[in-house]
Amino acid sequence: MDTHTIDTADDPEPRPEEETPWLTAREQRMWRAHLEVAKLLEYQLSRELQPHNLAINDYEILVVLSEAPDHRMRMTDLATATLQSKSRLSHQITRMENAGLVLRQECPGDRRGLYAHLTEQGWETMQRVAPDHVRSVRAHFIDRFTPEQLDAIYEALAPVAEHLRGLRGRS
């Protein structure tokens with residue numbers, strides 16, 4: 001879609017174009033490059049996890065749980081950490097339980113609360129898959145930049161992530 005034209009046929013009160021802060025060609029080029037890189041990178045990393053019988057979301061959960069104290073985390077906190085709805089996470093954890101990667105455990109003192117706990121098999125899977133995944137991240141992303149570019153990209157993205165985390169916390 002051309003970002004400088006609007007179809008107002010169905011809009012009862014068309015807004016003046018001046019009210020919309022359209023992206024400049026430079027901004028649009030950067031935005032579209034970001035979207036393309038994010039989608040292509042996730043696609044490639046997902047493909048490279050397939051031989052390990054893992055989806056990218058499975059791997060993310062394994063990482064988060066492997067870094068958590070006692071390799072467990074409350075389901076609500078895990079949903080927040082992985083940016084998933086509680087319902088979607090619950091379905092995913094069920095699949096991962098069936099694969100022997102995680103277990104659900106009751107939270108002492110909270111009848112409604114549950115922990116997701118990394119099993120021994122889940123930990124072994126994480127240890128086996130992590131080196132391949134890190135090589136993929138390096139080959140397809142990190143090694144494409146100079147150290148100075150990595151610093152600049154981090155400096156540019158950190159405030160955006162902080163802003164979006166803040167919005168998420170308010171919803």
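This is a predicted model: local features need pLDDT of at least 70, side-chain atom pairs count only at pLDDT 80 or more; totals for chains, interfaces and linings use all residues.
1. Asp 143 has a relative accessibility of 46%, so this residue counts as partly exposed (buried is under 20% relative accessible area, exposed is over 50%, and partly exposed lies in between, with a 1.4 Å probe and protein chains only). The side chain of Asp 143 meets that of Arg 138 in a salt bridge, with 2.8 Å from N to O (a side-chain nitrogen of Lys or Arg within 4 Å of a carboxyl oxygen of Asp or Glu).

2. Residues are numbered from 1 along each chain as its sequence is written, and side-chain values use heavy atoms, with hydrogens and water left out.

3. The chain contains 6 helices and 3 strands (DSSP runs numbered from the N terminus: helices are H or I with at least four residues, strands are E with at least two). Read from the N terminus, these elements follow the order α-α-β-α-α-β-β-α-α. Of the 171 residues in the chain, 25% are buried, and 49% of the contacts between residues at least 6 apart in sequence join residues at least 24 apart (a contact is heavy atoms within 4.5 Å).

4. By the rule above, the salt bridges come to 3, and another of them joins Arg 135 to Asp 132 at 2.6 Å from N to O. These two residues are 3 apart in helix H5 (residues 120-140), which means that about one helical turn separates them. Arg 135 is exposed, at 52% relative accessibility, whereas Asp 132 is partly exposed, at 31%.

5. Glu 97 also takes part in a salt bridge, with Arg 104, and the closest N and O atoms of this pair are 3.0 Å apart. Glu 97 is partly exposed, with a relative accessible area of 27%, and Arg 104 is partly exposed as well, at 23%.

6. Helix H4 (residues 86-98) has 13 residues, which at 1.5 Å a residue should span 18 Å, and the 18 Å between its end C-alpha atoms agrees with this (the expected span is 1.5 Å times one less than the number of residues). In H4, the residues Leu 89, Gln 92, Ile 93 and Met 96 are buried. They lie on the same side of H4 because they cover an arc of only 105° around the axis (the arc of the directions from the helix axis to the C-beta atoms).

7. What do the buried residues of H4 pack against? They pack against helices H2 (56-67) and H3 (75-81), and against strands S2 (102-107) and S3 (110-118). On the face turned away from the buried side, H4 carries the exposed residues Arg 95 and Asn 98. After H4 comes Gly 100, which has a positive phi near 80°.

8. Leu 23, Met 30, Trp 31 and Leu 35 make a nonpolar surface patch of about 360 Å² (patch residues have over 30% relative accessible area and no salt bridge, with like charges joined within 9 Å and nonpolar side chains, namely Val, Leu, Ile, Met, Phe, Trp and Tyr, within 5 Å). Trp 31 lies in helix H1 (residues 25-49) and is partly exposed, at 41% relative accessibility. The chain exposes about 12600 Å², of which carbon and sulfur atoms supply 54% (areas by the Shrake-Rupley method with a 1.4 Å probe; for residues, only the protein chains shown count as cover).
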